[in-house]
Amino acid sequence: MERIAHFVIRWRWFVIVFFLGVSAYFGSRIPDADVESQMKEMLPHDMASRKALDKIEKIFGGTEMVMVVVEAPDVLDPAVLERVEELSKRMEGVKVVDRVLSLFTLKEIRGADQDIYVDPAVNHIPKSDKKRERLRKRLEDNDLVFGSVVSKDFTATTIIALLSADANDNETMEAVNKVVAEVDGPGTIHIAGMPATRIAVAQGIRGDMKRFLPFGLLIMLIFLFACFRQLRGVLLPFGVVVLAIMFSMGLVPVLGWKIQIITILLPVILLAVANDYGIHLIARYQEINTPGNTLTPKDLARDLIEDLGTPVIVAGLTTVVGLGCLATHIAVPAKQLGFLAGAGVLYALFASLGFIPAVMSFLPKAKPVKVVSEGTGGGHILDRMLHGTANWVVKRPKLTAISFVSVTLLVGIGAVKVNVDTNPVHYYPPENELVKASTLVDKDFGGSTPISVMATGDVKSPKLLRDIDNMETKLKALPMVGETSSVAEMVKEMNQAFNNGDEAFETIPETRGEIAELFFLYEMSGDPEDFERMVDMPYENALLTAR
């Protein structure tokens, strides 16, 4: 370490300017970092579920939705329906919205005289109580809307915006919030869906980093001053942490990455680890800077590197290797966090062995601090505590070892009871508006988080449609699944309507010809685009969606 120590002291100006310059550059890039809130981007591109999702979005467009819920004592009140109708129309005009599902866009399928008639679920707003009750009865009999876009107690209705595959969360929520703000009327508005949740998470990440990082730095400053009681003992390790955070956070945009939810841990990791090496150096400085010593500031700085260089480097490299193990993680953010944290710790290691001694070589010798002498109990309270702990441990080594092993085993039992919760709504307390909206949607509309299953084959084949119908039935039986939708359900609705509403015909027809005829009759009376999120036009792929 003598050569390194000689280099640092000889070229101390260069060392100081180098670390300040590098940190300033990377720190200047931090504002360029974007927050990545898309859960899909956390998965590697070659992961099976990611590849399946990409394929589904290529054929059917986006699989995500935003739900605007209107809550009122009775959503069939004419004034409320007028607001819902206007919201539905405005949402259809939003650029990133492919399709809108609401009381005014979903259909009522009825049949008469071996024909199918398709009308909007609400084709006009009732002006009298009698007409309102008649509409209520029609909606209760319409499986496509009842419990899907209108609650079963008629106290809430939702406008569901199905998003395009390239929809951006910020653009989407900005447009949705603008529509909601412009359409006034009775009722309380709630907005739910993963885009709304992710925007809240992204805003929370920025807010958390602004709040917690200064707070963490303040705690570190207080602790360092309590330990070393010298300004240099506070500012130099603190400065290394700041330099390391600037460097590692600046790496995010430099590498073309984005700040992920887990990236908020990066400054916390560096706060906990990056000051360690500087603390070792300051502690050693106070040990060798004894009263009456004749060492110059340069000599003291050089001795720090020579005495502690090897153990500090070994300690730092083991930490870097440990963080590097995250590179084996399947989740992209975890891999990135491992690299960024490892790079930050490595930078802090070099800065501690270079920047701190270089600065200290310019500073006048500090006033010696009274430390614990070997075999005594005097000095600072922390020194006395450590001295007492050391004596207790060496006198009772077996009891110490047994105690720690016992406590570890006892507390470790809880590890088998750890539950993994991937729902970001649960990040927030119950009184949060996001939680309220999500709870309302889960209760009345079957949920806002979609899961998509694509079937490939002849979609007009009775066998494939029955397979889809069987899977849909099994999904509906799951306690965590609310609403489902599929082309099989639509075919059953059409078949029942074609047979004058006889419930015995709410089944998949026996032949392909019968199914093809139902599609033809629907297209004659309804809009073929009603099926675009359920089946592609060559009728080769069908999409089953569960919420």
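Buried means under 20% relative accessible area, exposed over 50%, and partly exposed in between (1.4 Å probe, protein chains only). The model is predicted: local features need pLDDT of at least 70, side-chain atom pairs count only at pLDDT 80 or more, and totals for chains, interfaces and linings use all residues. Residues are numbered from 1 along each chain as its sequence is written, and side-chain values use heavy atoms, with hydrogens and water left out.

**View 1. Arg302 and Asp299 pair within helix H11.** Their salt bridge has its closest N and O atoms 3.2 Å apart. A salt bridge is a side-chain nitrogen of Lys or Arg within 4 Å of a carboxyl oxygen of Asp or Glu. Both residues lie in H11 (residues 297–324), 3 residues apart, about one turn of the helix. Helices (H or I, at least four residues) and strands (E, at least two) are DSSP runs, numbered from the N terminus. Asp299 has 26% relative accessibility, so this residue counts as partly exposed. Arg302, at 22%, also counts as partly exposed.

**View 2. Arg132 and Asp74 form a buried salt bridge.** The N to O distance is 3.3 Å. Arg132 sits in helix H5 (residues 129–140), and Asp74 in the loop between strand S1 (65–71) and H4, so the pair ties together parts 58 residues apart in sequence. Both residues also belong to a network of salt bridges that links Asp74, Asp129, Arg132, Glu133 and Arg136. Across the whole structure, a search finds 24 salt bridges.

**View 3. Helices H4 and H6 cross.** The axes of H4 (residues 78–92) and H6 (residues 169–182) come within 10 Å and cross at roughly 150°. Axes are lines fitted to C-alpha atoms, for helices over the stretch in contact, and angles run from 0 to 180 degrees between N-to-C directions. The two helices are therefore roughly antiparallel (an angle over 145 degrees). H4 contributes Arg83, Leu87, Arg90 and Met91 to the contact (heavy atoms within 4.5 Å). H6 contributes Val176, Val179, Val180 and Glu182. The contact residues divide into 5 nonpolar, no polar and 3 charged. Nonpolar covers Ala, Val, Leu, Ile, Met, Phe, Trp, Tyr, Cys and Pro; charged covers Asp, Glu, Lys and Arg; the others, Gly among them, count as polar.

Notes. Parallel < 35°, antiparallel > 145°, perpendicular 65-115°, else oblique.
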